[in-house]
Amino acid sequence: MKRINITIGLLFIYFLVLSIIGFPKERIAPDGTDRLIPFILVCMLELIVLFLLRWALIKRHKFREHRRRETEQYAHYEDETDKLKQ
C-alpha cells in the first residue's frame, strides 16, 4: 500500500506542477473564448483519473494478497495430506 500512495503522490505533484505551468495568463482569448473553463475541466478530469487509478491499484493489491493467501493455504493443505498418506 505504501508504494501505491507514493506513486499517486508523485503523480499528483506532477499534476500540480503542470497545472501551474499551464494556467492561462489571460482568461479571455483574443477570439473571445474563455480559457479558464477548459482548464478547470481538464484539471477535474485529471483528478478523477488519479482517483480511479488509486482505486484500481488498491483493488489489484487486495486481489493479489487474497490469491497469495489462498495459494499458501492450498500448499499447506497438500503438505498435510501427503503426511497422512505416508
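Helices here are DSSP runs of H or I with at least four residues, and strands are runs of E with at least two, both numbered from the N terminus. The model is predicted, so local features need pLDDT of at least 70 and side-chain atom pairs count only at pLDDT 80 or more, while totals for chains, interfaces and linings use all residues. Residues are numbered from 1 along each chain as its sequence is written, and side-chain values use heavy atoms, with hydrogens and water left out.

## The largest pocket

Rolling a probe the size of a water molecule over the atoms shows where empty space is left. A pocket is found on a 1 Å grid over the protein atoms alone: it is an open set of points where a 1.4 Å probe fits, with protein on both sides within 12 Å along at least five of seven lines, and lining residues have an atom within 4 Å of a point. Grid points are joined across faces, edges and corners, and the volume is the space filled by probe spheres set on the points.

The largest pocket holds about 250 Å³ of space. Its lining is made of Met-1, Arg-3, Ile-4, Thr-7, Leu-57, Arg-60, His-61 and Arg-64. Helix H1 (2-22) and helix H2 (36-85) are the elements that give two or more residues to this lining. H2 gives the most, with 4 residues. Sorted by class, the lining has 3 nonpolar, 2 polar and 3 charged residues. In this sorting, Ala, Val, Leu, Ile, Met, Phe, Trp, Tyr, Cys and Pro count as nonpolar, Asp, Glu, Lys and Arg as charged, and the others, Gly among them, as polar.

## Salt bridges

A salt bridge is a side-chain nitrogen of Lys or Arg within 4 Å of a carboxyl oxygen of Asp or Glu. The structure holds 4 of them, including those in the table.

| Pair | Closest N and O atoms |
|---|---|
| Asp-34 and Arg-27 | 3.3 Å |
| Arg-67 and Glu-70 | 3.5 Å |
| Arg-68 and Glu-72 | 2.8 Å |

Arg-67 and Glu-70 both lie in helix H2, 3 residues apart, which is about one turn of the helix. Arg-68 and Glu-72 also both lie in H2, 4 residues apart, again about one turn.

Residues are called buried under 20% relative accessible area, exposed over 50% and partly exposed in between (1.4 Å probe, protein chains only). Asp-34 is partly exposed because its relative accessible area is 23%. Arg-67 is partly exposed at 44%, and Glu-70 is partly exposed at 35%. Arg-68, at 40%, counts as partly exposed, and so does Glu-72, at 46%.

A nonpolar patch on the surface is formed by Ile-6, Leu-10, Ile-13, Tyr-14, Val-17, Leu-18 and Ile-21, with about 720 Å² of accessible area together. Patches take residues with over 30% relative accessible area and no salt bridge; like charges are joined within 9 Å, and nonpolar side chains (Val, Leu, Ile, Met, Phe, Trp, Tyr) within 5 Å. Accessible areas come from the Shrake-Rupley method with a 1.4 Å probe, and for residues only the protein chains shown count as cover.

Tyr-14 is found in helix H1 and counts as exposed because its relative accessibility is 54%. Ser-19 is also found in helix H1, but Ser-19 is buried, with a relative accessible area of 13%. The C-alpha atoms of Ser-19 and Cys-43 are separated by 7.4 Å, although the two residues are 24 residues apart along the chain.

Lys-25 is found in the loop between H1 and H2. Lys-25 counts as exposed because its relative accessibility is 80%.
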